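Hello,

Here is the structure I promised to hand over. My notes on the salt bridges and the core follow below it.

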Amino acid sequence: GAVAVRATASVVMSSLQMASSIEEMQNKSSVVFGQFSDDFRQFTDDLAKETARSRFDLERMGSQIQDTFVPMGFARGEATELSKQLVKLAVDVGSFNDVADVEVMRAFQSALVGNHETVRQFGILITEATLAQELLRMGLDKTTKEATAQEKVQARMNIIFKGTTDAVGDAANTSDSYANKTRALNAAILDLQVTLGEKFKE
């Protein structure tokens, strides 16, 4: 009996902590997405169903990258669309390379602000030369030193998308693989924990 009580208490505590963590994340998400937060959450719901990921994990990744785009000068609505694109790509690249989605997003986020080495593991090559070439392709007759931070972020993002075309759609197309089934199970456990935690708080 005592063992059962301790086990139950552990489940309750773990669920409450997870629900609290998600609540804090969604508070941040509401701020960084502003009036577009409902739209972004609908996107994560749809993507979660398509790829068997946790909508909470997807929203967390999105809020982190959105919090990079907006301070760089992107309008909140434009940043929301870019965040959607990058979250979906992170899931596909993670599936394609058998790397955790959050690790891929962390690498993308780092590369967008200039730490180009982080994405080489995914076959994405960003150098001063390729960055300058992309700026020129975008119609900007500027050197990498002359370009604004926002222009360079857009150029880097373009290069990231060009370097990952083989991975696009991989998460949905390989949903029956062992690795993706494992990710789906972990996502289901997370969502259940959050649901239980919300119930326990009532």
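Arg53 is buried, because its relative accessibility is 7% and buried means under 20% relative accessible area, with exposed over 50% and partly exposed in between (1.4 Å probe, protein chains only). This is a predicted model: local features need pLDDT of at least 70, side-chain atom pairs count only at pLDDT 80 or more, and totals for chains, interfaces and linings use all residues. Residues are numbered from 1 along each chain as its sequence is written, and side-chain values use heavy atoms, with hydrogens and water left out.

Salt bridges

Arg53 pairs with Asp101 in a salt bridge, with the closest N and O atoms 2.8 Å apart. The cut-off: a side-chain nitrogen of Lys or Arg within 4 Å of a carboxyl oxygen of Asp or Glu. Arg53 sits in the loop between H2 and H3 and Asp101 in helix H5, so the pair ties together parts 48 residues apart in sequence. Helices here are DSSP runs (H or I, at least four residues), numbered from the N terminus. Asp101 is buried too, at 12% relative accessible area.

A search of the whole structure gives 10 salt bridges. Another one joins Glu59 and Arg41, with 2.7 Å between the closest N and O atoms. Glu59 belongs to helix H3 and Arg41 to helix H2, so this pair links parts that are 18 residues apart in sequence. Both residues, Glu59 and Arg41, are buried.

Arg137 and Glu134 form a salt bridge as well (2.8 Å, N to O). They are three residues apart in helix H6, so about one helical turn separates them. Arg137 is exposed, at 51% relative accessibility. Glu134 is buried, at 4%.

There is also a network: salt bridges link Asp39, Glu81 and Lys84.

Nonpolar core

The largest nonpolar core has 41 residues. Such a core is a set of buried Ala, Val, Leu, Ile, Met, Phe, Trp, Tyr and Cys residues joined through side-chain atoms within 4.5 Å. Phe69, Leu86, Phe108 and Phe122 have the most contacts inside this core. Helices H1 (2-33), H2 (37-51), H3 (55-69), H4 (76-97), H5 (101-112), H6 (128-137) and H7 (149-162) each supply at least two of its residues. H4 gives the largest share, eight residues.

What does Phe108 touch? Not counting residues up to four places away in sequence, Phe108 contacts Leu86, Leu89, Ala90, Val93, Val119, Phe122, Ile124 and Ile160. Contact means heavy atoms within 4.5 Å.

Best regards
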